[in-house]
Amino acid sequence: MAIISRGFHGRRPAPGRNLPPGQYEVHDFPVLSAGPTPHVTHDEWEFTLTTETSARHTWDWAELMALPAETPTVDLHCVTKWSKFGTHWEGVSLDTLLADVETAADFALVHSYGGYTTNLPLADLLDGQAWIAHRYDGEELAPEHGGPARLLVPHLYLWKSAKWVRGIELLLDDEPGFWEGLGYHSYGDPWREQRYQGD
Amino acid sequence: MDTDRTSAQGTYEEYETAYEDGNTLGGPLSEIFAVDLTAAVGRCAGCGATGPLARLRVYDRAPGLVARCPDCSRVVLRLVRGPDTAWLDLQGAASLAIPLGGRG
C-alpha cells in the first residue's frame, strides 16, 4: 500500500473554530524564549503579589498547591502568528490569589525568573480570565513552557502569559514590560490584531 | 562550553539550540545601519565585558531579536521589526566601537 501523506498541516482551523485575524493554526507547541531557560525548583519557587502600598503577599509552592485548582481548556494566540486550539491546563485562578488583597491599582506588571516582564490592566487578571498555571496536558509544566509555573491569560497574545512567573506588581500607573517597551502593543488583543504600538 | 549558570534567581540551563551567534544580527541591522555592526566591539553595560557583537547570544525565536552577553547573559541589544518601523534598544551596550575601514 502506498504511503499516504499525513498531508498539509493546514492553515485553516478545524470546523467551528475561529482564528483571530492574521493567525494560522499549529498542532505542535512552539517554544519561544527571549533568553536562557530558568530552572527553578519547587523548593526555591515563590510567588509574590506586591500592592501599590508595598504590601506583599507571598506563596511558596506548597501554599500554591493547597489552593483550589481549576482546569481551563483554552486557545493560545502568539503574536508571531501561530495559534493553538484546545490546550489543557491546571492552575490557580488569579481571583483566588487576589481575593484577600486590598488594592486601588488599575494596572499590573508581571515579573518572571530570568528578568522578563509584561504589563496588563489588573481587570484582565480577574473574573476567571487568568491563572497561575502549573500543569499542562496532565503533566507538570516543563521548564521550556514556563514551569514550574507561568501566568496564563489566554484572551491576550501569548507574550502576556509570562513563563517562569515569580510575582505581580500592582500599580496605579501603567508601566511597559519587556516587549511593550520595544514596539509591541500595550494591551495585545489578538481579535483586534493589536500586535504593535498604534495597531 | 559552560552550559550551566547559577544566579541569584535560580539555575539556568543553556540549550545550545536556543540561541544563535551574533552574526544573526547582521541582516536585520543592515536594514538600519550602513556599516556592518557585527564587527563592532561592544561593552556590556552589565558586566563590562567587551567583544564583537558577533559574539553575542541571539535569541531569535521570540517576538524580536534579543542579544545577550555571553559572559553574564544580560540583554545587550534588542530589535523588533514591525511592518513599517524598527525598534532598537541598546540600553545594555555601554559603548560600541565601529570599524569604518581605511581612510581614503
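**Exercise 1. How much area do chain B and chain A bury between them?**

Keep in mind that this is a predicted model.

- Step 1: start with the area. Chain B and chain A bury about 2,100 Å² between them, and 61% of it is on carbon and sulfur atoms.
- Step 2: look at who takes part. Chain B brings 25 residues to the contact and chain A brings 24 residues.
- Step 3: check the polar side. The count of salt bridges between the two chains is 0, while 5 residue pairs are in polar contact across the interface, both partners at pLDDT 80 or more.
- Step 4: Two or more residues each come from β2 (10–13), β7 (65–68), β8 (75–81) and β9 (86–89) of chain B. β8(B) gives the most, with 5 residues.

**Exercise 2. Work out the strand order of the open sheet of 3 strands in chain B.**

- Step 1: the order reads β5-β4-β10, with antiparallel pairing.
- Step 2: find the edges. β5 (50–52) and β10 (93–97) of chain B each pair on one side only.
- Step 3: neighbouring strands here are turned by 25° against each other on average, direction ignored.
- Step 4: zoom in on one pair. β4 (residues 41–44) of chain B is joined to β5(B) by 3 bridges, and Val41(B) sits opposite Pro52(B).

**Exercise 3. Is Gln194(A) buried or exposed?**

- Step 1: find Gln194(A) in the segment after β12 (165–171) of chain A.
- Step 2: its relative accessible area is 8%, under the 20% cut-off, so Gln194(A) counts as buried.
- Step 3: see what surrounds it. Beyond neighbours within four places in sequence, Gln194(A) contacts several residues, including Tyr157(A), Trp159(A) and His185(A).
- Step 4: a polar atom of the Gln194(A) side chain lies 2.9 Å from the backbone nitrogen of Asp189(A).

Conventions. Residues are numbered from 1 along each chain as its sequence is written. Chains are lettered from A and ligands numbered from 1 in the order in which they are written. This is a predicted model: local features need pLDDT of at least 70, side-chain atom pairs count only at pLDDT 80 or more; totals for chains, interfaces and linings use all residues. Side-chain values use heavy atoms; hydrogens and water are left out. Two strands pair if DSSP finds at least two bridges between them. Helices (H or I, at least four residues) and strands (E, at least two) are DSSP runs, numbered from the N terminus. Axes are lines fitted to C-alpha atoms, for helices over the stretch in contact, and angles run from 0 to 180 degrees between N-to-C directions. Buried means under 20% relative accessible area, exposed over 50%, partly exposed in between (1.4 Å probe, protein chains only). A polar contact is a pair of N or O atoms within 3.5 Å; within protein, one must be able to donate a hydrogen and the other to accept it, and residues adjacent in sequence count only if both atoms are side-chain atoms. Contact means heavy atoms within 4.5 Å. Buried area is the accessible area (1.4 Å probe) that two parts lose on being put together, summed over both. A salt bridge is a side-chain nitrogen of Lys or Arg within 4 Å of a carboxyl oxygen of Asp or Glu.
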